[in-house]
Amino acid sequence: MRILKCSFLWLIFIMDISFSSLDECEQETVRLRAQLKTLEARVTKQQQLIQNVRNQRTEQTTSNLDTVYDLGDHRYRDCAQIFNAGNKASGFYTTRPTRSPRVVRVYCDMSEGGGWTVIQRRSDGSQSFNRSWDDYKQGFGDLQSVSGEFWLGNDNIHYLSSQGDYNLRINMADFDGGQRYAAYANFTVADEKEHYKLQFGEFSGDSGDSLSGSYHPEVQWWASHQGMKFSTYDKDNDRYKSNCALEDQGGWWFNRCHSANLNGYYYGGAYSAVTDSGVVWYTWHGWCNKVGSKKMFLW
C-alpha cells in the first residue's frame, strides 16, 4: 500500500507540474500577443507619420517645380544657359532665343543632367492637340503648372533649335508603368517658310528609333520623319494622298503617315480605331497606343 500511495502521489505531483506549466505558457502567450498589438499600433502610427512627411515633401517639391523664377533683366537664350549660370532648380523661366522677336516663357527641367528646355508635355489628355496651323505656330496649352500639357510653338522651337547644336530627348511612359526614352543629336526645325521642316541626327536610347523608320529598311520610304514638313488638319504638307493630320487627330511631321506621332489623340490606354490616331511610338508599342505621359526636351 505504501508503494501504491507513493506512486499515486507522484502522479498527482507530475500532473500538478504539467498544469502549472500550461498555465504559465498561456499567460506568456497572452502577454506576447498584447505586446505584439502594441508594437503593431506603434508601427502603424510611425508609417502614418512617414507618409505624412512624404506627402508634405511631395507638395513642397511640386510647389517648387511650379515656381516662376525671376532672373532679373538678364535674358538667357535657353535652359542650358540658365543651368550653366548656376540655376539648378526645375521650374518656369523667361528666355529670349537669339532670333526671337519676343521673350518666351519655358519650363526648364534640371534633371537628366540639367538644362533641358521642354517643348512638349503630355500627361493626362487634358489638352486637345488636334489644333490649327496657327495654334501650333504660336503654341498652346498649360504653361502654369508642372504637370500641364502644352506645345511650346513651332516658331519658338525654330528659334531655339536654330541658334546652335541641340539634342532632342523624348521621355515616354506607358500605362503599365514602363518607361523608355529616345534621344537624337543635331535636332533642328526650319522656319515657317519651309513649313517647319524637321532634321535630326544620330539616335540613342532604349525605345527604338521610330523617328527615322530605320527599324526596317523597306518601310523608311513612308515611315521616316527625316526632312518632313509640319502638317495640321488645315494645312496638309505630308506625302500621303489624304491628310494625315486630319486622320490622326494632331499636328506632326508626317510622311505617309507615321511610325511616330506624339501629338495624336490621347486615348488613355490601348484602343481600337480606323486609323492609328493615338499617341504612337511604333518601335516600343506598335500602333496600339499604350504610350501615356511624355516630355520632349531640347538641350
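These legends walk through several close-up views of one predicted model. Residues are numbered from 1 along each chain as its sequence is written, and side-chain values use heavy atoms, with hydrogens and water left out. Since this is a predicted model, local features need pLDDT of at least 70 and side-chain atom pairs count only at pLDDT 80 or more, while totals for chains, interfaces and linings use all residues.

**View 1**
Helices (H or I, at least four residues) and strands (E, at least two) are DSSP runs, numbered from the N terminus. Of the 299 residues, 41% count as buried, where buried means under 20% relative accessible area, exposed over 50%, and partly exposed in between (1.4 Å probe, protein chains only). Among contacts with a separation of 6 or more, 53% are between residues 24 or more positions apart. Contact here means heavy atoms within 4.5 Å.

**View 2. Strand β2 with its partners β1 and β3.**
Two strands pair if DSSP finds at least two bridges between them. β2 (residues 104-109) has five of its six residues buried, so the rest of the structure largely encloses it. With β1 (residues 91-95), β2 pairs in the antiparallel sense over five bridges, and G91 sits opposite C108 of β2. With β3 (residues 116-122), β2 also runs antiparallel, joined by three bridges. Look for Y107, which stands opposite V118 in β3. The β2-β3 hairpin has six residues between the strands, and E112 there takes a positive phi near 55°. A handy reminder while looking at strands: in a regular strand the side chains alternate between the two faces of the sheet.

**View 3. The largest nonpolar core, 49 residues in total.**
A nonpolar core is a set of buried Ala, Val, Leu, Ile, Met, Phe, Trp, Tyr and Cys residues joined through side-chain atoms within 4.5 Å. The members that touch the most other members are W151, L152, L211, W253 and W281. As for where the core residues come from, β2 gives the largest share, with four residues.

**View 4. K137, D155 and E192 in a network of salt bridges.**
A salt bridge is a side-chain nitrogen of Lys or Arg within 4 Å of a carboxyl oxygen of Asp or Glu, and a search of the whole structure turns up six of them. K137 meets D155 through their side chains at 2.9 Å, N to O. That pair links distant parts of the chain, with K137 in helix α3 (residues 133-138) and D155 in helix α4 (residues 154-161), 18 residues apart. K137 counts as buried because its relative accessible area is 16%, and D155 is buried too, at 13%. K137 also makes a salt bridge with E192 (2.7 Å, N to O). E192 lies in the loop between β8 (188-189) and β9 (198-199), so its bridge to K137 in helix α3 ties together parts that are 55 residues apart in sequence. With a relative accessible area of 28%, E192 is partly exposed.

**View 5. The salt bridge between K197 and E194.**
Here the two side chains meet at 3.9 Å, N to O. K197 is partly exposed, at 26% relative accessibility. E194 also counts as partly exposed, and its figure is 41%.

**View 6. Strand β7 with its partners β6 and β10.**
β6 (residues 168-174) and β7 (residues 179-184) pair in the antiparallel sense over six bridges. To get your bearings, find N171 and its bridge partner in β7, Y181. The β6-β7 hairpin has four residues between the strands, and G177 takes a positive phi near 95° there. β7 also pairs with β10 (residues 203-205), antiparallel over three bridges. On that side, A183 has S204 of β10 as its bridge partner.

**View 7. H258 and its contact with D248.**
H258 sits in the loop between α6 (244-248) and β11 (260-261). At 1% relative accessibility, H258 counts as buried. The side chains of H258 and D248 are joined by a polar contact of 3.3 Å. A polar contact is a pair of N or O atoms within 3.5 Å; within protein, one must be able to donate a hydrogen and the other to accept it, and residues adjacent in sequence count only if both atoms are side-chain atoms.
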